Amino acid sequence: NRDRIMQSERLNVVSQLAASVSHEIRNPLTVTSGFLQLLNKSRTITPKEKEYVDLSLQELNRAEKIVSDYLSFAKPQSENVIYSNMSVEFEYTKNIIIPYASAHNVEVKFSFSNSLNKSYERSQLQQCLINLYKNGIEAMKDKGGGTLFIDISERKQDIVIRIQDIGIGMTKEEISRLGKPYYSTKEEGTGLGMLMVYSTINKMNGSIEVDSEKGKGTTFLITIPT
Ligand code: ADP
Ligand code: MG
């Protein structure tokens, strides 16, 4: 149906644009925040000036968060489709997320098989996985930690990615809002992570199933056809 096709094309353009914009913006953000931190250490800075510098740093931090939901962890690479073994990406994102998990008292249990050859866009797939892992970890924050289970396997012609947390969970209503731009229940959330996830999986003709219970936890089941 035509409406749906147009909608998913629009999502593709949005996600590509966002990825390249994020890329370009990351460096100036880092440089500016570095200089402001130096300024903050100046011995001649007045209290009023320090207040302005602190506010600027806070705002930069907010911008950095928005960018990081698109591309902060992923390797800077062009967004071309490659044919490769997806397990390379699983290994890479696993190594990236482990320090973040440890910092939140979360243990990560990974299992994936080694022969997952498919065409995909590397940095988008990486970012998509990281956004899902991050949400799982953040969902267990208020519980003081927990375990994140990640299982990736091949089933017939599909790649099946299962990400399970034992965090705060969601109501039906909350699940229905996932992927809507700027929908976030977190104090410092961007509400852009799941938008990126939905648009990436959508682009790969995959599907996302969410199974969640308030207070108990959430399981994301992603199926990507090969
Ligand atoms: P953000 O993480 O910045 O809030 P996201 O788009 O990544 O934005 O997620 C949107 C919202 O979806 C979150 O604020 C949270 O309420 C909900 N959510 C996503 N993943 C989970 C999860 N694993 N457990 C509970 N809630 C979740
Ligand atoms: Mg998120």
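Me: A residue counts as buried if 20 or more other C-beta atoms lie within 10 Å of its own, as exposed if 12 or fewer do, and as partly exposed in between. In this predicted model, is Tyr 182 buried or exposed?

Reply: Tyr 182 sits in the loop between helix 5 (172-177) and helix 6. Its phi is positive, about 70°, although Tyr 182 is not a glycine. There are 9 C-beta neighbours inside 10 Å, and because the limit for this class is 12 or fewer, Tyr 182 counts as exposed.

Me: Happy to have a rule to work with! Which class does Asn 105 get?

Reply: Asn 105 belongs to the loop between helix 3 and strand 2. Here too phi is positive in a residue other than glycine, near 65°. The count is 13 C-beta neighbours inside 10 Å, so Asn 105 is classed as partly exposed.

Me: And Tyr 83, buried or exposed?

Reply: Tyr 83 lies in strand 1 (residues 81-85). Leaving aside residues up to four places away in sequence, Tyr 83 touches Asn 117 and Ser 119. With 8 other C-beta atoms within 10 Å, Tyr 83 is exposed.

Me: How far apart in space are Tyr 83 and Phe 149, C-alpha to C-alpha?

Reply: Phe 149 has Gln 164 in strand 5 as its bridge partner, while Tyr 83 is part of strand 1. In sequence, Tyr 83 and Phe 149 are 66 residues apart. In space, C-alpha to C-alpha, the separation is 27 Å.

Me: In which sense do strand 5 and strand 7 pair?

Reply: Strand 5 covers residues 158-165, and strand 7 covers residues 217-225. One place to look is Ile 159, which stands opposite Ile 224 in strand 7. Eight bridges hold this pairing, and its sense is antiparallel.

Me: How do strand 2 and strand 4 run, parallel or antiparallel?

Reply: Strand 4 spans residues 146-155, and seven bridges join strand 2 to it. Within this pair, Val 108 stands opposite Leu 148. Strand 4 is also joined to strand 5 by seven bridges, and that pair runs antiparallel. Strand 2 and strand 4, however, run parallel.

Me: Which residue in the turn between strand 4 and strand 5 has a positive phi?

Reply: Strand 4 and strand 5 form a hairpin, with two residues between them. The phi value to look for in the turn is about 50°. The residue is Lys 156.

Me: Now the helices. At what angle do the axes of helix 3 and helix 4 cross?

Reply: Against helix 4 (residues 122-139), its axis comes within 10 Å, and the crossing is right-handed. The contact of helix 3 with helix 4 has 10 nonpolar, two polar and three charged residues. The axes cross at roughly 35°.

Me: Which element gives the largest share of the shell around ligand 1?

Reply: Of the 22 residues around ligand 1, those that come nearest are Asn 135, Ser 184, Gly 189, Gly 193 and Met 194. Two elements give two or more residues to this shell, helix 4 and helix 6 (193-203). By class, the shell has eight nonpolar, 12 polar and two charged residues. The largest share, four residues, comes from helix 4.

Me: One last thing: how many residues of helix 6 are buried?

Reply: Among the buried residues of helix 6 are Gly 193 and Met 194, which are also among those that come nearest to ligand 1. Helix 6 is largely enclosed by the rest of the structure, because the number of its 11 residues that are buried is eight.

Key:
Residues numbered from 1 in each chain as written. Chains lettered and ligands numbered in written order. Predicted model: local features only at pLDDT ≥ 70, side-chain atom pairs only at ≥ 80, totals over all residues. Pairing = 2+ DSSP bridges. Axes fitted to C-alpha atoms, helices over the stretch in contact; angles between N-to-C directions. Left-handed = near helix turned anticlockwise from the far one by under 90°. Nonpolar A, V, L, I, M, F, W, Y, C, P; charged D, E, K, R; others polar. Near = placed C-beta within 6 Å. Contact = placed C-beta atoms within 7 Å.
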